[in-house]
Amino acid sequence: MTEREDIDDTLLEKALRIGGLKTREETVNQALREFIERREAEKLIAALGTVDFDEGYDYKAERNRRV
């Protein structure tokens, strides 16, 4: 595998040690998955409180409603 100058080797080596994965490729792929999950979670957290709830909605009545 050729060295890539655009990836910080120090960060990658530290991620390899901390992550306990066997290859650089596994480490990068795992890091990307975690990055995506974190960003998606941040979007969900930011959306909290942006939905208007109907204070008069009776969820118990809806739950017992026969369809």
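Helices here are DSSP runs of H or I with at least four residues, strands are runs of E with at least two, and both are numbered from the N terminus. The model is predicted: local features need pLDDT of at least 70 and side-chain atom pairs count only at pLDDT 80 or more, while totals for chains, interfaces and linings use all residues. Residues are numbered from 1 along each chain as its sequence is written, and side-chain values use heavy atoms, with hydrogens and water left out.

Helix 2 itself covers residues 24-47, 24 residues in total. From first to last C-alpha, helix 2 reaches 35 Å, close to the expected 34 Å at 1.5 Å a residue; the expected span is 1.5 Å times one less than the number of residues.

The protein as a whole has three helices and zero strands, in the order α-α-α along the sequence. Its radius of gyration is 23 Å, whereas a compact globule of 67 residues would have one near 11 Å. That radius is taken over C-alpha atoms, and the globule rule is 2.2 Å times the number of residues to the power 0.38. Along the principal axes, the C-alpha atoms fill a box of roughly 65 × 25 × 20 Å.

Of the 67 residues, 4% are buried. Buried means under 20% relative accessible area, exposed means over 50%, and partly exposed lies in between, with a 1.4 Å probe and protein chains only. The protein exposes about 6800 Å², and carbon and sulfur atoms supply 54% of that area; the areas come from the Shrake-Rupley method with a 1.4 Å probe, and for residues only the protein chains shown count as cover.

| Residue | Relative accessibility | Class |
|---|---|---|
| L12 | 7% | buried |
| T27 | 5% | buried |
| D54 | 57% | exposed |

L12 lies in helix 1, residues 9-19, and T27 in helix 2. Leaving aside residues up to four places away in sequence, L12 touches I7, R24, T27 and V28, where contact means heavy atoms within 4.5 Å. With the same exclusion, T27 touches L12, A15, L16 and L21. L12 is also 10.0 Å from E25, C-alpha to C-alpha, at a separation of 13 residues in sequence.

D54 sits in the loop between helix 2 and helix 3, the latter spanning 59-64. Between the C-alpha atoms of D54 and R66, twelve residues apart along the chain, the separation is 22 Å.
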